[in-house]
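Let's take a walk through this structure together. Have a look at the picture first, and then we'll go from the whole to the details.

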2 protein chains.
Amino acid sequence: MTSLCPTGVPTPATFVIVRRLVRNLNAMAAFARKSGIALRPHAKSHKCVEIANMQIDAGAKGMSVATIGEAEILCRRPGSTSTVDDIFISYPLWAADDTVSRLSNLTDRVRLSVGADSAEAVSRLAPLAGRLSVVIEIDSGLRRSGTTPTGAVEVARAVGAANLQLDGVFTFPGHSYLPSGASGAAEDEGRLLDEASSLVEEAGFATIVRSGGSTPSALHTRADQVNELRPGVYVFNDAQQVELGTVSMEDVALMVASTVVSRPAPGRIVLDAGSKVLGPDRPTWSSGHGLLPEWPGARIVGLWEHHAVVELEEDGPLLGETVAVVPNHVCTAVNLVPELLVVDDCRVVDRFVVAARGVNR
Amino acid sequence: MTSLCPTGVPTPATFVIVRRLVRNLNAMAAFARKSGIALRPHAKSHKCVEIANMQIDAGAKGMSVATIGEAEILCRRPGSTSTVDDIFISYPLWAADDTVSRLSNLTDRVRLSVGADSAEAVSRLAPLAGRLSVVIEIDSGLRRSGTTPTGAVEVARAVGAANLQLDGVFTFPGHSYLPSGASGAAEDEGRLLDEASSLVEEAGFATIVRSGGSTPSALHTRADQVNELRPGVYVFNDAQQVELGTVSMEDVALMVASTVVSRPAPGRIVLDAGSKVLGPDRPTWSSGHGLLPEWPGARIVGLWEHHAVVELEEDGPLLGETVAVVPNHVCTAVNLVPELLVVDDCRVVDRFVVAARGVNR
């Protein structure tokens, strides 16, 4: 058993194995390049300027974000080392309060596009005429936000009426987050983006961007129908991706170092990494509340705010030993900590600030 | 339908209805007083100095916390307005790295006790002889950390050997978090604390504290067997407590103001409050990912990081309308935001800083 945790670090501590991070970044960049698809990674998974810059360096066209605040933090601006100059807020924004003024400030710094799935939402962006691009959200089967291909035509007309730039269409094929769901979701994604862009073009609009992509479905992308990808999780991966079969455990770059604080009964240990550092996400199909790469036979059967209860058949780690835990969902785990320890060969070599932590608007 | 959200506030925004908070604080304090049980509320649920002070003012003996960092932030110290001078870290601490020096600093400021469930853990606290108290953790049925009543005797001997003060025994009857689980869990709690303290006393130790309590089980406490309570959630309550039947919706003091950003299909709306502000907790027995007090017929059927998908039979709120959402688990929701808006009569009258946000060690 190889120990994965950095040595001499108080626990719980969230750390990144930097060689795996770089390998994951480069692999997705190479796939996109080879497939002729533009890469616009989603920053919600890492929220770090350092990692966004690495993605741009590896050839990403720009970044995707979920909130205006994430765009404000990750964009090129005075006082920041960011090199990001093209941002897509891939969310159906509803402009209220200070939305328009914040977007307006952003358009002074970067090329900016935002998501929309209704004519009403688009019309509220009219004060940004000539400065803002819109990408129409299509529902490709997730049943979350997004309009139909037919509905996209109406949204396109609102974009034209507001004198905004229409960039194209996008979807999040999130139904790829089911066992064996990835290739079917990629098929739906391609078909729906194709159908929507065709209808919008027939109505007299040029649609350039057909943007899709999630980490599970990325490698199944139909390059003839999709020309931009927005995966987020792939930089780190997580227990969900391992259990979905998207990646192997050796591709997981983010973990939480924890300590065995209790061995209350044979076959049961308690770790000091709970839901306030791992995140409470637990899909119904997962085997537990995270994975222990150093103890592959172990299962996290219970998770409370500061306790992970682990069951194992073997004798397991002793009181005070350090154990690495892979969170189920890395995006919520990253959002719980102010910084990530950057680790190479079990030594802390740097720290990434989670600059957009908790930035929900 | 009464609107609950503060007006004119950008969403998502986590807010506290201050009159309900005060009512909840006073009700639990009155119950404890009437029952002759000391109240030591758990601060992990609110992480705010302001609320800890309100609890002390209402008669709490001291506070419970989960981490050394929470104790450092919530204790009376120069530069803080805190009035807390008695803290119990109700967690089986494993002393490593800087644990002993941090605990030592705390003992200069407050009366400090910590949890332990093994002789090994106790022996590592020996450098704090004469300054630190220990409370032995008993498992009363949750199968998390905690020893057996018999095991408690061995831990007590280690406390004596290390010249630490033995305060008593404690348990967390977390199996109260099941439908109809509360009264059975309270019964287990009383019985096990009684059994453990009897055995420890027979072995020649004085045990004073028999500490239990969770929000669901608190009102079922056996006052003849338990003499201290550590509920946390009761200050705010949450969707879990409503669905467990512990409280009614009118007792819920913390909510998230959200905006309808999409109405993609009849009977389905999307809110901008996702798992990064509500928390992703979802017990298997819950009806959804949170509750909408203003729309009692609605169900949150899907939750992503920045989307809550709501299904309703009625027509529901329109695009751009504000909707209050009650999180499933308030402790993880509070931990996601830097501050809580304090609201009275739909106006923001103050802000509580979530001072111990993300303090996991």
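Helices (H or I, at least four residues) and strands (E, at least two) are DSSP runs, numbered from the N terminus. Keep in mind that this is a predicted model, where local features need pLDDT of at least 70, side-chain atom pairs count only at pLDDT 80 or more, and totals for chains, interfaces and linings use all residues. Residues are numbered from 1 along each chain as its sequence is written, chains are lettered from A and ligands numbered from 1 in the order in which they are written, and side-chain values use heavy atoms, with hydrogens and water left out.

Let's begin with chain A as a whole. You'll find 10 helices and 16 strands in chain A. Its radius of gyration (taken over C-alpha atoms) is 21 Å, close to the 21 Å from the globule rule for 361 residues, so chain A is as compact as a globular protein of that length. That rule is 2.2 Å times the number of residues to the power 0.38. The C-alpha trace of chain A spans about 70 × 45 × 40 Å along its principal axes. Of its 361 residues, 65% count as buried, where buried means under 20% relative accessible area, exposed over 50%, and partly exposed in between (1.4 Å probe, protein chains only).

Now zoom in on A:Gly290. Where does A:Gly290 lie? Look in the loop between helix 9 (275-278) and strand 12 (299-303) of chain A. A:Gly290 is buried, with a relative accessible area of 4%. Leaving out neighbours within four places in sequence, A:Gly290 is in contact (heavy atoms within 4.5 Å) with A:Ala239, A:Ile300, A:Val326 and A:Asn328.

Over in chain B, helix 1 covers residues 18-35. Its 18 residues reach 26 Å from first C-alpha to last, close to the 26 Å expected at 1.5 Å a residue; the expected span is 1.5 Å times one less than the number of residues. Among the buried residues of this helix are B:Leu21, B:Leu25, B:Met28 and B:Phe31. Just after helix 1, B:Gly36 takes a positive phi of about 70 degrees.

Our last stop is B:Thr259, in strand 10 (residues 254-265) of chain B. Is B:Thr259 buried or exposed? B:Thr259 is buried, at a relative accessible area of 9%. Not counting residues up to four places away in sequence, B:Thr259 touches several residues, including A:Trp94 of chain A and B:Thr11 of chain B.
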